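Please look through the sequence and the model shown here before reading on. The briefing that follows is arranged by topic.

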Amino acid sequence: MNGKLKITLIAHQTGLSISTVSRVLAGKANTSESARQKVMACARQHGILQQLSQGRLMLNNLVIFAPPRAFSVRTDIFYYRVIQSIVEALSPYEVHLSSCGLEEEHSDSALFVARMNHPQTQAALIIGIDDPHIHSLAADLNKPCVLINCSDREMRLDSVSPDHQLIGEFSASYLFQQGHRNILNLQCLRRTTMERRLAGIRQAWMRQNLTFEAEQHLIATTGFSAEEAELAIASWLSALPDRSRWPSAILAGSDFMAMGAVAAIHKLGLSVPDDISVMSTDGWNLTEIHDVPLTSVQVPRDELGFEAIQLLQRRLLRPAAPPCNLLLQGKLTLRESVRSFNAHKMKPALSTHHPQLYDEAHIINLFDK
């Protein structure tokens, strides 16, 4: 069946004009919601929608819900870049994008429902919101919705996220493979995603038949800043006058935390990696603002927006499909901040790739360059 016959069939069965059907199938915005729903239902019934969907997004209005800080590069560069990746993924389509700030926990449910029930809201992306009540409401409102870097424990919503647990396990395992045994973990645990990363780190300890002792192997911070990390590492090391008990490596929860760890080590008159190695589990290629080029596992960030739009398209095409939880893997970048104690291992090749959280001065300097 050619394109003209498809449009004629849908127009005949829905009672709409051929021009209206054509505009809906082309993803144009100048059609009513009732007409769009009739055309979509008919096209789906006849198996036409799947054939027509290539290169098109079957909606015109999308709302992004995220923590308020996510909409500024100065306050949350990670989520800001995720949102920019959504904008880029939508650029080929005629989609109006709007936003709404919600807190991660104890979100304003009335505001959420009001925005979701707005006549122009056809679908939503929810970024970094851990409130299960919001997830439940999103599922009950029966509009296409995809979660980004959070997950629905009731398994009713599609989601895409970095595989935080595997990233944590892989990062710790890499340090073990380089011969490190006394590893100190510097992690911020304020979100479920970071708890999953720590669960992966613990799993790496188990695989080495080692016991993970939080008092010995973990420093938990309230945020991701370099300043807090530097103070935490300096205090922890100072409390252990016996340097033989100091870690041979520090596994930090972000590049900025790793920067703080490096600064604390240097202020003690030590060097990285000769005295203490430092590695990040959340790398963004920040080599130009590091004194020591940093070995890290890079967390997928710019890819999250594209994959979320793909999941949204899948939900539009197959409303009854089972919810999907897509986990994106990280990528190891080898540089100079980790020392290897394994004589039989070749030294890793160093990446020269240069291009980015919560230290505003560092972010501003990065974007000024």
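Contact, as the word is used here, means heavy atoms within 4.5 Å. The model is a predicted one, in which local features need pLDDT of at least 70 and side-chain atom pairs count only at pLDDT 80 or more, while totals for chains, interfaces and linings use all residues. Residues are numbered from 1 along each chain as its sequence is written, and side-chain values use heavy atoms, with hydrogens and water left out. Helices (H or I, at least four residues) and strands (E, at least two) are DSSP runs, numbered from the N terminus.

**Helix α11 against helix α12**

- Helix α11 (residues 226-238) and helix α12 (residues 255-267) have axes that come within 7 Å and cross at roughly 45 degrees, where axes are lines fitted to C-alpha atoms, for helices over the stretch in contact, and angles run from 0 to 180 degrees between N-to-C directions.
- That angle makes α11 oblique to α12, given that angles under 35 degrees count as roughly parallel, over 145 as roughly antiparallel, 65 to 115 as roughly perpendicular and the rest as oblique.
- The crossing of α11 and α12 is right-handed, a term for the near helix being turned clockwise from the far one by less than a right angle, with anticlockwise giving left-handed.
- On the α11 side the contact is made by A226, A229, E230, I233 and A234, which meet F256, M257, M259, G260, A261, A263, A264 and K267 of α12.
- Among the residues of this contact of α11 with α12, ten are nonpolar, one is polar and two are charged; Ala, Val, Leu, Ile, Met, Phe, Trp, Tyr, Cys and Pro count as nonpolar, Asp, Glu, Lys and Arg as charged, and the others, Gly among them, as polar.

**Helix α6 against helix α7**

- The axes of α6 and helix α7 (residues 132-140) are 10 Å apart and the two helices pack at an angle of about 25 degrees, so α6 and α7 are roughly parallel to each other.
- S109, F112 and V113 of α6 make the contact with H133, I134, L137 and A138 of α7, and the residues of that contact divide into five nonpolar, two polar and no charged.

**Buried and partly exposed residues**

- S107, in the loop between β2 (96-101) and α6 (109-116), counts as buried because its relative accessibility is 10%, where buried means under 20% relative accessible area, exposed over 50% and partly exposed in between (1.4 Å probe, protein chains only).
- A polar atom of the S107 side chain lies 2.5 Å from the backbone oxygen of E103, and, leaving aside neighbours within four places in sequence, S107 is in contact with L102, I129, D131 and I134.
- N61, found in strand β1 (residues 61-66), is buried with a relative accessible area of 17%, and its contacts, not counting residues up to four places away in sequence, are V95, H96, Q120, T121, Q122 and A123.
- T8 lies in helix α1 (residues 3-14) and, at 33% relative accessibility, counts as partly exposed.

**Backbone features in loops**

- N142, in the loop between α7 and β4 (145-148), has a positive phi of about 60 degrees although it is not a glycine, and N142 is exposed, with a relative accessible area of 68%.
- N149, in the loop between β4 and β5 (158-162), has a positive phi near 55 degrees, and N149 is buried at a relative accessible area of 5%.
- V272 and P273 are joined by a cis peptide bond with omega of about 10 degrees, and P273 is found in the loop between α12 and β9 (277-283).

Definitions and conventions. A polar contact is a pair of N or O atoms within 3.5 Å; within protein, one must be able to donate a hydrogen and the other to accept it, and residues adjacent in sequence count only if both atoms are side-chain atoms.
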